[in-house]
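Trainee: I have a model open and some questions about it. Can we go through them one by one?

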Amino acid sequence: MELKYEKYPFTPILGWSISRFEEFDKCKRRYFYSYYPKFVPDIPSYKVQQLKGLTTVALETGNVIHDILEAFLRRMQKSKSDIDEQRFFSYARALVDRYFSEKTFLEVYYKYTDSIEKNAVYSKVQTCLENFLGSPCYSWIYMSALRNRENWMIEPQGYGETRLNGLKAYCKMDFLIPVENNVYILDWKTGQKDPFKHRSQLLGYAAAAHHNFNIPWNTIFPKIIYLSPKYDEFEIEIKENDLKSFFDTIKAQTEQMQQFCSSVEENRPHPIDSFPKTPSPGMCRQCKYQELCFPQGITATSENEHASVSVDW
Ligand code: SF4
């Protein structure tokens with residue numbers, strides 16, 4: 001079975017993704033800053049872009065793991081020989097050094113810490129990789145999936161654009177492996193298990209694989225692989241009814257987001273004042289854009305004021 005990604009002509013209309021709706025759901029103002037930066041008034045665009053580019057330790061740790069496993073699987077495609085573990089872990093450390101030197105971290109930018117403790121990050125990365133190398137998933141890839149390695153899709157290029165029941169959507173998969181007549185989709189996670197959210201994510205992958213590659217539903221097996229704090233897996237069984245309610249949810253969520261557009265076709269937003277700040281200001285400390293909402297910095301008073309204002313929204 002050979003898998004090829006379908007290409008879609010560009011349209012400006014907004015596309016659903018799990019992360020887009022999550023941002024929209026948490027804080028409309030943050031959603032505006034993230035998805036409509038060029039419409040932010042009175043703030044220089046370089047400033048919005050600078051804040052948009054901030055990363056966090058958790059996010060970057062996940063990026064490092066994704067990139068190391070991508071390189072690892074590509075190497076497996078070329079050679080079945082055992083890896084040199086010492087060199088593998090040196091490569092991981094070099095990647096941590098590079099990623100954590102090049103980027104600007106929210107924790108440093110907002111002065112929660114003076115600098116990022118790279119040894120602690122590397123220790124977590126090392127644990128994730130050790131968990132992977134000792135996992136049933138790795139054994140299964142080596143024993144069963146390797147036979148069809150020329151058809152693996154590893155971190156496919158692009159944003160994972162697809163159509164879910166006719167709606168534009170983005171579902172970017174990490175690793176897609178055909179084995180005999182089945183297709184297995186694996187997604188790596190370095191954070192906490194979240195069955196509700198991750199179930200939707202897996203349904204999205206399955207729907208995208210079905211639509212893009214015309215794979216029958218009953219041959220698609222999506223699975224999340226948790227690599228930290230300990231190894232775990234989460235897989236779902238796909239039933240016809242689940243899909244119908246999943247498509248209904250996506251349609252409803254897309255329509256909710258579109259209600260904040262003055263032009264749905266052009267994906268042009270209403271003015272920023274139509275995008276209220278979160279009624280849960282506790283999350284603002286982890287938000288990249290807090291400088292725009294709290295130019296004086298977040299204080300207990302500003303959080304209370306924010307909360308009392310937000311009651312009316
Ligand atoms: S600082 Fe708070 S209110 Fe402002 S965008 Fe971020 S999460 Fe929303």
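Trainee: What pLDDT does the chain average?

Mentor: Start with the share of residues that score at least 70, which is 94%. The average pLDDT of the chain is 89.

Trainee: Where in the chain is confidence lowest?

Mentor: Helices (H or I, at least four residues) and strands (E, at least two) are DSSP runs, numbered from the N terminus. Strand S9 (residues 268-269) has the highest confidence, at 98. At the other end, with a mean of 44, is helix H12 (residues 300-310).

Trainee: How many contacts beyond four places in sequence does the model have for residues 304-313?

Mentor: Two residues are in contact if their C-beta atoms, placed from the backbone, lie within 7 Å. Over residues 304-313 pLDDT stays under 50. Where pLDDT is low, the predicted coordinates should not be read in detail. For that stretch, the contacts beyond four places in sequence number seven.

Trainee: Why does the span of helix H9 agree with its 19 residues?

Mentor: The expected span of a helix is 1.5 Å times one less than its number of residues. For H9 (residues 195-213) that rule gives 27 Å. The span agrees because the end C-alpha atoms of H9 are apart by 26 Å.

Trainee: Which residue just after H9 takes a positive phi?

Mentor: The phi there is about 60°. The residue that takes this value, just after H9, is Asn214.

Trainee: How far apart in space are Asp25 and Gln256?

Mentor: In sequence, 231 residues separate Asp25 and Gln256. In space, C-alpha to C-alpha, the distance is 9.7 Å.

Trainee: How far apart do the C-alpha centres of domain 1 and domain 2 lie?

Mentor: Domain bounds come from an automatic or database domain assignment. Here domain 1 covers 54-131 and domain 2 covers 134-254. Their C-alpha centres are separated by 23 Å.

Methods
Residues numbered from 1 in each chain as written. Predicted model: local features only at pLDDT ≥ 70, side-chain atom pairs only at ≥ 80, totals over all residues. pLDDT = per-residue confidence, 0-100.
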